[in-house]
Amino acid sequence: MKSPSHVLVIEDDASLGDALHTILTGEGYRVSCSRRGDEGYRRAIDDNTDLVVTDLRLPGMGGLDIVRSIRSARPNLPIILMTAHDSPESVIESTRAGAFDYLCKPFEMNEFLAAVRRSLQQRWTEAQSSIGDLEPSVGLVGRSRTMQTLYKEIGRLAPRPVTVLVRGETGTGKELVARALHHYSSRASKPFVAVNCAALSEALLESELFGHERGSFTGAVEKRIGRFEQAADGTLFLDEIGELTPSTQAKLLRVLQEGTFERVGGRQVIQGRARVVAATHLDIESAIAARSFREDLYYRLNQSTVFVPPLRDRTDDIADIARHFVQIHAPRMGVPAIFLGPDVIGTLQAHPWPGNVRELENVVRQILIKSNGQRPSPADAAELLRGNAPAQAPAGPRLDALIDATLTAAERGDLADGHARVVRMVECSLLEQAMRRADGNQSQVARWLGISRLTLREKLRSLGLHPGAD
């Protein structure tokens, strides 16, 4: 008969250690406890230990040091870290160092037992390299359960040499995730190069990515090194990958498949050594079905996927994020830092945040300007939120009349493209109103409507609207 699994609990809080001992014993596990990190580590490397559950902060030896040392001595021994200090850095570092799971105190005992069962069922077989001391923040803020999951994914994927596709709505912080993947990888000392694929035309984008030789086209007065070469052995972040044209998609696919490319107008074969992290807010599966995005490129990019949650799914983080932006932007703007009270935070939490964290950052900046160092009221925040509402599509009688006229013509047999005509007219009206409200600022309109600036410009041209100033 198989003997019960042996769990070692390393916890300096005697009451919590005793509680974990009791519940694990009641579940049929053999349990031993240590109050110090150094003593716990010595017990952990005993072959009779099947699982280590350790606090992050301990006397004698810290939890991260325990994880790193155990991963070196016994790489297949699973470890669960517990802590009340649930910063993004500690979550990412612990999973990257080799912890199987990470629990934030206080946690439910059912959650704890589920983690124990998962860790004992899945013995890790891959050794993960040790890492240095805790690094400074990479800008990710939030302690909600959804963000804890995201931090764990970053920690697991950062050391692995795989292409990562970061998905999420506009304004959720996909570039911050890409930077975190770079920051916690072995490439951290190498370049991080970002390219916004939606901000450049097809001709410029190809030259931007791959570079060009002198004289390869009109205006190419000198050789240009592209972003793939600039990234070298670092990370190349391709933002808004869904906006790539078909021909550029084909060229990118070749680089990912073969690991080589040539500059525009050149013949020299260049090795593409950079790790590629791509991001998009688009529904790629629908784009594939519509044949606007290559399925083979999607599979190349999608070796691993990270989903960044929208702000409406983590409203518990709004207080921390808003106060974080206050601390960042107050000194930059030369205004006093202000206190955002619970009443103001409650107003912010009730907002749906279609623009996500980027919209919240913009609102905080406006609060700083309007408050002039005085404590803002909920009414101040509500007024700013109303002022940031995007333009709406035409509705009511005018839209009803348009639909009625279209259907009447279709019934008479005078119209074969009713759907396309109504969609075009509604879209035209929406864009006209949005451009007027934004005083021609295309970047603002693109943020309001959740599309890229390049997509907006193409829509304006196709509908015969003047692009306007920006």
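Predicted model: local features only at pLDDT ≥ 70, side-chain atom pairs only at ≥ 80, totals over all residues.
The largest pocket holds about 870 Å³ of space. Its lining is made up of 36 residues. Those nearest the centre of the pocket are Gly171, Gly173, Lys174, Glu175 and Arg358. Several elements each supply two or more residues to this lining: helix H6 (145-157), helix H7 (174-183), strand S8 (235-239), helix H13 (318-333), helix H15 (356-371) and helix H19 (442-449). By residue class, the lining of the largest pocket divides into 15 nonpolar, 11 polar and 10 charged residues.

Helix H2 covers residues 37-44 and helix H3 covers residues 63-73. The axes of H2 and H3 come within 10 Å, and they cross at roughly 20°. Angles under 35 degrees count as roughly parallel, so H2 is roughly parallel to H3. The crossing in which H2 passes H3 is right-handed.

Which residues make the contact between H2 and H3? On the side of H2 they are Gly37, Tyr41 and Ala44. On the side of H3 they are Ile66, Ser69, Ile70 and Ala73. Sorted by class, the residues of this contact comprise five nonpolar and two polar, with no charged residue among them. The lining of the largest pocket, by contrast, includes 10 charged residues.

Key:
Residues numbered from 1 in each chain as written. Heavy atoms only, no water. 1 Å grid on protein atoms, 1.4 Å probe; cavity = no way out; pocket = protein on both sides within 12 Å on 5 of 7 lines; lining within 4 Å. Points joined across faces, edges and corners; volume = space filled by probe spheres on them. Helix = DSSP H or I, 4+ residues; strand = E, 2+ residues; numbered from the N terminus. Nonpolar A, V, L, I, M, F, W, Y, C, P; charged D, E, K, R; others polar. Axes fitted to C-alpha atoms, helices over the stretch in contact; angles between N-to-C directions. Parallel < 35°, antiparallel > 145°, perpendicular 65-115°, else oblique. Left-handed = near helix turned anticlockwise from the far one by under 90°. Contact = heavy atoms within 4.5 Å.
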